[in-house]
Amino acid sequence: RGGCASSRPEDFVPRMAKQINLTTIAIGGVAVLGVGYLASKLFSTEESVKDITEEVQNRFLKKHEVEGSVAAFESGEIARINLSRRHLKPEDCRILTSILTRPKVGQRLAILDLSGAEIGVKGTMKLVEALPDLVALKEFRLCDNQLGADGIKTLAASLKGLEHVRTLSLSRNGIGKDGVKELGPSLRSLKNLDTLGLGGNKICAEGAKELSFYIKGLDKLKMINLRLQSFMIFLTGKPICFFPVECEAYCIFTLHTLLSLPFCPCYYLSNVSPMGPLARDSYNILGDEGVKCILMVLSSLPNLTTLNLTGVSVSAKGQELIDSSRIAFPRLSIYT
């Protein structure tokens, strides 16, 4: 009364009902979140990589015929993990990540070879968790892994921390010009890089222009591979033949001939995948403009000794530019 709110009991009923409704909603929301969290813990099948035991890790290494054990990698007795052509599934990549994130492994591992492991984007998402721990890595091979632009985007940020890497092989991953844009800033941070492999990556003139901008000033670079495409024949895991893709018919004939031999053991033809040598949309077609962009930065690469431009589709005009560069940089071998 006198301007105050009414104190009659019937006036409190709507307000009390409203408060009860809000309280019920809040309690219900918390309950739903709690049930969701418990369900995620109960029904999740993927444990943390830190929970993977050394026994599981050693079984993985043995299964994929990797020389050494976790203990050998931690002691520095073996500084190389070779999983090339092992066709790793996402679960395999998760176990590999658990090995690489062991502190002593990351401090000693010098070479990680995943060439032809076909890890794809999903495997890359697992692998990048370990890259910041690989502080001693000098050689990183990821060619033939079906990364595409998305895989490179996932990988790129983690590459920046690999300041000791000297060899980076990403050939035949179909990254295209978008992949080069994602990769470029990371290349700038690899000050010790001396070998860069980007052959067979759908790199066009625009991609070559992007690449030339980012490699400019990498004064320790010795070799750049931008060839059209290539593939190898492997005899019991070791390369015995190497062909440019222009010779693919001869290569296939040679392969069939070898396979017909009575003593022939197991042969491997690398890149037999959607990104492989017969997938012509994965070729590097730099053209005259793309080659011109690459040649224009040669003066900023004083230690470059090898530039592979085999089959990148240049005209007579582009060939003249290459010949002029051979004269201007006699120390440099340019393959076309």
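Colleague: What is the pLDDT over residues 37-45, and how many contacts does the model have for them beyond four places in sequence?

Modeller: The pLDDT, which is the predictor's confidence in each residue on a scale from 0 to 100, stays under 50 over residues 37-45, and the model has 1 contact for them beyond four places in sequence, where contact means heavy atoms within 4.5 Å. Over residues 231-279 the pLDDT is also below 50, although this stretch has 92 contacts beyond near neighbours in sequence. Where pLDDT is low, the predicted coordinates should not be read in detail. This is a predicted model, in which local features need a pLDDT of at least 70 and side-chain atom pairs count only at 80 or more, while totals for chains, interfaces and linings use all residues. Residues are numbered from 1 along each chain as its sequence is written, and side-chain values use heavy atoms, with hydrogens and water left out.

Colleague: What is the average pLDDT of the chain?

Modeller: The chain averages a pLDDT of 81, and 71% of the residues score at least 70.

Colleague: Why is Ile203 called buried?

Modeller: Buried means under 20% relative accessible area, exposed means over 50%, and partly exposed lies in between (1.4 Å probe, protein chains only); Ile203 has 1% relative accessibility, so Ile203 counts as buried. Ile203 sits in the loop between strand S5 (195-197) and helix H9 (205-215), where helices (H or I, at least four residues) and strands (E, at least two) are DSSP runs numbered from the N terminus. Among the residues that Ile203 touches are Val180, Leu226 and Tyr283, and its C-alpha atom is separated by 5.6 Å from that of Lys177, 26 residues apart along the chain.

Colleague: Why is the pair of Glu54 and Arg102 called a salt bridge?

Modeller: A salt bridge is a side-chain nitrogen of Lys or Arg within 4 Å of a carboxyl oxygen of Asp or Glu, and Glu54 and Arg102 meet at 3.4 Å, N to O. Glu54 lies in helix H2 (residues 54-63) and Arg102 in the loop between helix H4 (90-100) and helix H5 (103-108), so the pair ties together parts that are 48 residues apart in sequence. Glu54 has a relative accessible area of 34% and is therefore partly exposed.

Colleague: How do you know that Arg172 and Asp144 meet in a salt bridge?

Modeller: Their N to O distance is 2.8 Å. Arg172 is in the loop between strand S4 (167-169) and helix H8 (176-189), and Asp144 is in the loop between strand S3 (139-141) and H7, 28 residues apart. Arg172, at 13% relative accessibility, counts as buried, and so does Asp144, at 9%.
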